[in-house]
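Open the model in your viewer and keep the selection tool ready. This tour moves from pocket to pocket, then to a sheet.

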Amino acid sequence: MRKRIFANVFFLSAFGIIVSALLVSLIVYSSFLDEQKKNSAYEARNLAAALNAEGEQEESSILASYTDTRITLIAADGTVLYDSLRSAAEMENHLDREEVAAALLQGEGQSVRRSETLGMQTIYNAVRLENGNVVRAAQTTSKAWLFVWGNVPYIAAIIALMLLLSAITATAVTKKLTQPINGIDLDNPLENDIYGEFTPLLRKIDAQNKQIKKHISDINRKQSEFESIAQNMNEGLVLLNQHGKVLSVNRRSYEILSCSDLFEPGDHYFMFSRNLMLREAASTAIDGKSFEKKAKVDGRWYQFIANPVISDGKIIGAAVIILDINDKEETDTMRREFSANVSHELKTPLTAISGYAEIIENKIAKPDDVPDFAHKICRESARLLALIEDIIKLSRLDEGATVSEPEEIDILGICIETKEQLAKKIEEHSVDFEVKGERVVVRGVVSTLSEMLYNLCDNAIKYNKERGSVEVEVSNSGDFCKITVADTGIGIAPEHRQRIFERFYRVDKSHSRATGGTGLGLSIAMHAARFHKGTISVSGNSSGGTTFTVLIPKGNG
Ligand code: ADP
């Protein structure tokens with residue numbers, strides 16, 4: 001813009017200067033010409049006066065004295081009598097010459113025209129003499145041109161000076177014009193004190209500024225909404241462009257996938273993680289296909305779902321979502337294992353029962369053995385019944401369903417009742433069973449808590465040593481009721497301690513069977529504790545036996 005303003009101002013003034021110089025030269029030329037015409041007329045009159053005064057004797061000397069001017073003497077009939085440049089005899093009749101005709105008619109005549117003789121523009125002045133002849137003085141206009149031409153260097157110097165001045169002025173004008181424009185505060189367009197012509201433009205810029213600000217704040221709001229959703233979601237989210245560059249990656253993705261230290265947003269997803277499933281998901285989606293596969297990452301199950309992002313029929317990127325499906329997978333695995341285990345556990349006693357019954361039915365058994373077989377059938381049936389009962393209890397706890405409503409329960413009282421229920425077993429195993437502690441009341445489901453304590457105490461007796469002891473203690477532990485069941489029994493090796501709460505897990509299968517165990521007692525106990533939002537843990541104790549610790553929140557319902 002500066003250049004344009006400068007060029008406009010400069011060329012306009014340059015044009016003005018040159019045109020002015022030409023006009024001035026033209027005026028000077030025409031003034032000089034006028035002056036020359038007057039001088040020429042004056043000269044012709046002087047010549048005529050001299051010729052009139054001196055007579056014909058001096059005529060030739062007078063005529064010869066004019067060396068700068070062409071002089072022609074013409075007779076009244078137009079015959080050329082004398083010419084200072086050419087031989088008069090060669091010259092044609094001059095009666096038709098405008099100045100000659102005028103002089104013959106009015107006494108004086110002037111004409112400006114091109115002279116064939118001189119080959120130039122010429123001023124002719126003719127005066128009629130007293131003897132009737134006409135004397136003519138002719139001067140070329142070249143003097144006027146020479147005068148103008150002689151001044152050309154000065155004119156050129158003046159033009160150059162004026163052009164320089166105009167360039168300086170144009171620079172100053174340009175600066176003055178553009179300075180306020182350059183200083184416009186586009187952030188606050190209406191606060192600018194500038195040319196009135198700019199007001200509509202500044203108003204438009206102000207309106208656009210407001211619109212842009214609104215757009216930006218909308219975009220920022222949406223961006224922060226997206227960020228807070230993406231960052232707080234439980235699923236991993238990786239957004240890529242069509243070239244595989246990572247546009248956005250949330251906190252959960254960093255946690256799930258081992259992210260490279262070298263990675264920075266904007267890098268290719270290869271830099272983000274070495275995880276093969278992510279790479280497969282990303283490349284499939286960028287190729288325009290949907291992807292869905294399960295994979296284990298660091299021992300946990302995840303589902304990788306990837307889809308291309310399409311806009312106007314073109315793939316502009318891909319979105320990869322990583323779902324944590326570990327719990328579901330584990331539950332599914334547990335269910336599968338549980339079904340397989342249940343079938344197996346049910347099959348064992350049933351096979352025994354049907355085997356003994358068949359022997360009796362086919363009368364293969366000796367009559368003396370029949371009572372023994374009948375006893376075995378009874379024992380296996382009892383085991384089967386216990387197993388079915390435990391499975392029912394577990395499935396009820398799985399569903400979170402209970403038979404009765406929550407109520408205030410005295411845990412110490414339940415422990416004493418449990419001891420009474422197990423009195424026969426205590427006696428059979430000759431163990432010393434002690435219940436001690438304080439009265440702690442919790443809100444809970446009595447049947448479920450009784451079942452839990454029964455199973456723990458039953459195990460403490462079953463897996464005890466001859467003449468061992470069991471100590472059940474109830475105490476307050478802050479907001480919790482703490483129950484410990486400690487025995488002096490066979491103990492549980494540390495590597496089994498985490499697994500004994502699994503369904504059908506037994507440290508010693510034959511021992512468990514021999515004692516009528518189903519392998520579900522501790523699973524039921526753990527579910528019962530969890531049902532009351534409590535915990536159950538196991539540890540070894542100084543006697544080599546085992547201590548189970550249960551913490552139940554008092555206020556649970
Ligand atoms: P089970 O019906 O076999 O007793 P549980 O689920 O009650 O099943 O217990 C799982 C396994 O944990 C038992 O088979 C046994 O090996 C072990 N166990 C449980 N309680 C004790 C304990 N007090 N002392 C030693 N081992 C125990």
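Start with the lining of the second largest pocket: 13 nonpolar, 11 polar and 11 charged residues. Here Ala, Val, Leu, Ile, Met, Phe, Trp, Tyr, Cys and Pro count as nonpolar, Asp, Glu, Lys and Arg as charged, and the others, Gly among them, as polar. This is a predicted model: local features need pLDDT of at least 70, side-chain atom pairs count only at pLDDT 80 or more, and totals for chains, interfaces and linings use all residues. Residues are numbered from 1 along each chain as its sequence is written, and side-chain values use heavy atoms, leaving out hydrogens and water.

Select Asp458, Asn459, Lys462, Tyr463 and Gly517. Of the 35 lining residues, these lie nearest the centre of the second largest pocket. A pocket is an open set of points on a 1 Å grid over the protein atoms alone, where a 1.4 Å probe fits, with protein on both sides within 12 Å along at least five of seven lines; lining residues have an atom within 4 Å of a point.

Now colour helix 10, helix 12 (423–428), helix 13 (446–462), helix 16 and strand 17 (546–553). Each gives two or more residues to this lining. Helices (H or I, at least four residues) and strands (E, at least two) are DSSP runs, numbered from the N terminus. Which helix gives the most to the lining? Helix 13 does, with 8 residues. Domain 4 (329–399) and domain 5 (407–553) each supply at least three lining residues; the bounds come from an automatic or database domain assignment.

Next, the largest pocket. It holds about 950 Å³ of space, a volume being the space filled by probe spheres set on grid points joined across faces, edges and corners. Select Met334, Glu502, Arg503, Met526 and His527, the closest to its centre among 35 lining residues. Helix 9 supplies the largest share of that lining, 10 residues.

Follow helix 9 to the sheet. Helix 9 lies across strand 8, strand 9 and strand 10, at about 130° to strand 9. Angles run from 0 to 180 degrees between N-to-C directions, with axes fitted to C-alpha atoms, for helices over the stretch in contact; contact means heavy atoms within 4.5 Å.

Show the open sheet of 5 strands, ordered 7-6-10-9-8 with antiparallel pairing. Two strands pair if DSSP finds at least two bridges between them. Strand 7 (246–249) and strand 8 (291–297) are at the edges with a single partner each, so one side of each has no neighbour in the sheet.

Finish on strand 9 (residues 300–311) and strand 10 (residues 314–324), an antiparallel pair with 10 bridges. Select Asn307: its bridge partner in strand 10 is Ala319.
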